[in-house]
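Hello,

Here is the structure I said I would pass on. My notes on it follow below.

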Amino acid sequence: MSIELEKYKGQSTRFTCPKCGRKHSFTRYIDTETNIYIDEKVGICNRAIKCGYHYTPKQFFESSGVHRFSQISTNNLAYKIHNNISKEKISDNLCQSVDKRKELIPIKQIDKKYLLQTISKPSNFLTFLLNNFPKDDVERVMLDYFIGGAKDNRVVFWQIDSMLRIRTGKIMQYNALTGRRVKSGVSWVHSELKKQNILSNDWQLTQCLFGEHLLIKYPEKSVMLVESEKTAIIMSLYQPNFNWMATGGLNNLTENKIYPIRKQQITAFPDLKCFELWQSKAEEINHRIGSKIELSHILEELATKEDKEMGLDLADYYLVVND
Ligand SMILES: [Zn+2]
C-alpha cells in the first residue's frame, strides 16, 4: 500500500476544501494501489497562506482510532480471494462434459492456461465489487464468470461458450471508487496473443455471449440478457437466481450469439436509449431461430427524462437504490 497526494488529472481530482469551502482546490490522499481515498477530509488545501488546511493520513488514523490495517483490508481481501480460489476448481468447471454440437465453421479457441494466468491478478473492478458487496458473494461471481485481472489493474471479462471453449477475453479499465468505465485501455486477449505471436495472424475470433457457459453450470436458471459485462456481474450479485449474460455492446445482439441459448427463457434489459433497437432485433431473431426473447419494460417505466438522456442501465438503478 502506498499513500500519496492524488496526482492532478483534471478538475474531477480536485475537491471542495472542508475548511475554506473553495471549490476544486483540495487534494486528497489516495492509496495508489487500490485507488481508494483515505477519507474525504484527508488532504491539503492549495491555498497554503489564506487557508492552510492540511489533514494527514497519519493524523486521521490516530484521531479516528481507525487502525491503518482496516483501511487497507479491502486491498488485502482482493489478494486473499485470489489465493483462495483454487486453480483446480476452475479447471474442473472448464472440463465438464459438453455436448458435441456440429458447427459449419470450426470455432477457434484460446488455451485455458491464459485464463488461469489472469485469475490470481487484482483489478480495479474487483476492488469496486469488494467495496460494495459481501466478500462471499464476490467470490461466487468471480468463480462463476472467471473474472480475471491484467496489467494496470484492468479487468478481464472472459467469453466462454456453453461447450466451455474460451473464445477471448475483453480487457477493460474501471474506476475502483465509482465502478465507472474508463474509456481508454480496452483490449482483447486474442489481440494481445497475436501481438506476442502466440496466435497466428489468421486466427479468427467468433464472439459469444458473456456468461454463455453458465448454461452448463446452472441449466435450470432462466436467462437475463443485458448489454454490459459489468451489469451482468452486478445483477448476478443482486439477483443470483438467474443466469445473467451480456451481449458486450449495443450492436451485439445477434442471431449467432443467441443461437446457443435459443431454447431458454430469455428476458432482455436494453439500456435506456436502446429499447427500440433491441426490440426490432429481438423480433427478427425470434422469427429466424425460434428463440423466445422478451424485452423488459421496467427501465423504461422507471426512468426520468435525465436518466434516458444518460442512457442508464439496470445496474445503475440497483446501485443507487442500494446505496
Ligand atoms: Zn482551504
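This is a predicted model. The notes begin with helix 5 (residues 124-132) and helix 9 (residues 229-238), which pack at an angle of about 25° with their axes 12 Å apart. Angles under 35 degrees count as roughly parallel, so helix 5 is roughly parallel to helix 9. The crossing of helix 5 past helix 9 is right-handed.

On the helix 5 side, the residues in contact are Phe-125, Phe-128 and Leu-129, and they meet Lys-230, Ile-233, Ile-234 and Leu-237 of helix 9. Sorted by class, this contact has six nonpolar residues, no polar ones and one charged residue.

Helix 9 also packs with helix 6, here at an angle of about 135° and with the axes 10 Å apart. That angle makes helix 6 oblique to helix 9. Helix 6, too, passes helix 9 in a right-handed crossing.

From helix 6, Asp-137, Val-138, Arg-140, Val-141 and Tyr-145 meet Ala-232, Ile-233, Ser-236 and Leu-237 in helix 9. This contact divides into six nonpolar residues, one polar and two charged.

One more residue of helix 6 (residues 135-145) is worth a note: Leu-143. Its relative accessibility is 13%, so Leu-143 counts as buried. From C-alpha to C-alpha, Leu-143 lies 9.3 Å from Ile-119, while the two are 24 residues apart in sequence.

Regards

Methods: Residues are numbered from 1 along each chain as its sequence is written. This is a predicted model: local features need pLDDT of at least 70, side-chain atom pairs count only at pLDDT 80 or more; totals for chains, interfaces and linings use all residues. Side-chain values use heavy atoms; hydrogens and water are left out. Axes are lines fitted to C-alpha atoms, for helices over the stretch in contact, and angles run from 0 to 180 degrees between N-to-C directions. Helices (H or I, at least four residues) and strands (E, at least two) are DSSP runs, numbered from the N terminus. Angles under 35 degrees count as roughly parallel, over 145 as roughly antiparallel, 65 to 115 as roughly perpendicular and the rest as oblique. A crossing is left-handed if the near helix is turned anticlockwise from the far one by less than a right angle, and right-handed if clockwise. Contact means heavy atoms within 4.5 Å. Ala, Val, Leu, Ile, Met, Phe, Trp, Tyr, Cys and Pro count as nonpolar, Asp, Glu, Lys and Arg as charged, and the others, Gly among them, as polar. Buried means under 20% relative accessible area, exposed over 50%, partly exposed in between (1.4 Å probe, protein chains only).
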